[in-house]
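Good morning. I will go through one structure today, sheets first, then helices, then a few loop residues. Please look at the model while I talk.

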Amino acid sequence: MEQIEEKEIRPYDVIVIGAGAAGMMAAGTAARDGKRVLLIEKMDKSGRKVRITGKGRCNVTNARPAEEFAAQVRTNAEFLGQAFAEFNNRAAIRFFEKAGVKLDIERGERVFPKSGKAWDIANALLEYCYENGVKIIYNTRVTEIMTLGDKVFGVRYINRRGFERKEECPQVIVATGGVSYPATGSTGDGYTFAADLGHTVEPVRPSLTPLVSSHPQIGYLDGLLLKNIRAVLYVDDEPVREEFGELGFSERGIEGAVALRMSRDAVDALIDERRVKLVVDLKPALTEEVLRERIAREIAGMEPTEFFAELLRKLVPKPLVMTLVHELGVNGKNYIGKLTEEEITRLIKTLKGFTFPITDYAPFEYAIVTAGGVSCAEVNPYTMESLKIRGLYFAGEVLDLDANTGGYNLQIAFSTGRLAGLLKK
């Protein structure tokens, strides 16, 4: 009993701010190594963003080999290399399976819980903290991190009842996330803390976010999901990125894996006031010549008095029919027997290169991840410790680290969180 009481009054060795993927990994790791850890979370439960990621399924990581994984990291991949080596995707898979979460590897080497429930991942991280003795306080917002002389921090926080308190400790880990999905608690607090402590914060902007098009017929496509298409992103009429896969349309904009992967380049170009367009090949498996033959066969099998719209219905999903009619300027009720060669050529060109001008992007509320953040040049890649202030560590999305969709961003959180939690000097 005396030993328990003594442990309770012992000051915290480390305070972790933010109980997301990176924060829980960091807190559990530090506590496992014998540190007394306080984890402060502003929301009413931990892992709010983890619990909704992957449309509630949670793409935990990606099982690609290290060099292929690194190729999917858009910013500071070399910096991430040290954290990834310490706790890579295979280690993450073992971690969750040891925690009792069965995993499946799906198309594109994406890893999901077999249950299809993101809660299993969030709860496994929470249990990791509990079993190692982390103290967690919820509904509590950190308002300030102060340096109090040599190797001592003061962390001031306030709960929703207005009770304010200050804790002192020698080490602080900032794992507050970015500003994507702010309803989950990611509202940029960590950037303020970092800047107040003398760190550079690279400009933040949405990444993996839907793209907004000014195409006059975009409204016809709401709810449409196109599979197996090829798309090329152009900036000032120069191709900058090509992707193959799914493209979706909603009230938020153009989304799906293809658009999300391209959004990083599109957002940066739009911020720089450059011209952006997305050119979609709806029939990537067919050359223009083969597509012309396919259209000729379809026409040959139809009555000359059937409508042009009926031909289109044989070539594209129904929601695209009216959009193509307007795009081509051909009346959908024109008889196919009266189609000209010039109209057929225009149809082929459009099917192979449907162009969507991109004029904007969806805000942080719809972005999967934040680009920008605490400058990695001011953080030790071997420890995640600040190069400016000893004892201050950063982990997860608060750093200027982001990657493509497919499980890469959560792995960044796990890798940097684990390394920060080791509290290496």
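In which sense do strand β1 and strand β10 pair, and over how many bridges? The sense is parallel, and β1 (residues 14-17) is joined to β10 (residues 171-174) over four bridges. One of the partners to look for is V172 in β10, which bridges to I15.

Before going on, a word on the source. This is a predicted model, in which local features need pLDDT of at least 70 and side-chain atom pairs count only at pLDDT 80 or more, while totals for chains, interfaces and linings use all residues. Residues are numbered from 1 along each chain as its sequence is written, and side-chain values use heavy atoms, with hydrogens and water left out.

Helices and strands here are DSSP runs, numbered from the N terminus: a helix is H or I with at least four residues, and a strand is E with at least two. Two strands pair if DSSP finds at least two bridges between them.

Back to the sheet. β1 and β10 belong to an open sheet of five strands, ordered β6-β2-β1-β10-β19, with parallel pairing. At its edges are β6 (135-137) and β19 (392-394), each pairing on one side only. From one strand to the next, the twist averages 20 degrees (axes are lines fitted to C-alpha atoms, for helices over the stretch in contact, and angles run from 0 to 180 degrees between N-to-C directions).

There is also an open sheet of three strands, in the order β3-β5-β4, and its pairing is antiparallel. Its edge strands, β3 (61-62) and β4 (103-106), each pair on one side only. Two bridges link β3 to β5 (residues 110-113), and N62 is opposite R110 of β5.

Now the helices. Helix α9 covers residues 256-271, and its end C-alpha atoms are 22 Å apart, in agreement with the 22 Å that its 16 residues should span at 1.5 Å a residue. The expected span is 1.5 Å times one less than the number of residues. The helix α9 does bend, by about 45 degrees at S263; the bend is the angle between axes fitted to the seven residues ending there and the seven starting there.

Why is α9 described as largely enclosed by the rest of the structure? Because twelve of its 16 residues are buried. Buried means under 20% relative accessible area, exposed over 50%, and partly exposed in between, with a 1.4 Å probe and protein chains only. Among the buried residues of α9 are V258, L260, R261 and S263. After α9 comes E273, with a positive phi near 60 degrees.

Helix α13 (residues 341-352) has twelve residues and reaches 17 Å from first C-alpha to last, close to the expected 16 Å. Its buried residues include I344, L347 and L351. The buried residues of α13 pack against β16 (276-281), α10 (288-300), α11 (308-315), α12 (318-328) and β17 (354-361), where contact means heavy atoms within 4.5 Å.

Last, the loops. K55 is not a glycine, yet its phi is positive, about 55 degrees. K55 sits in the loop between α3 (48-52) and β3, and is exposed, with a relative accessible area of 86%. D236, also other than glycine, has a positive phi near 50 degrees. D236 is in the loop between β13 (225-235) and β14 (238-250); with a relative accessible area of 29%, D236 is partly exposed.
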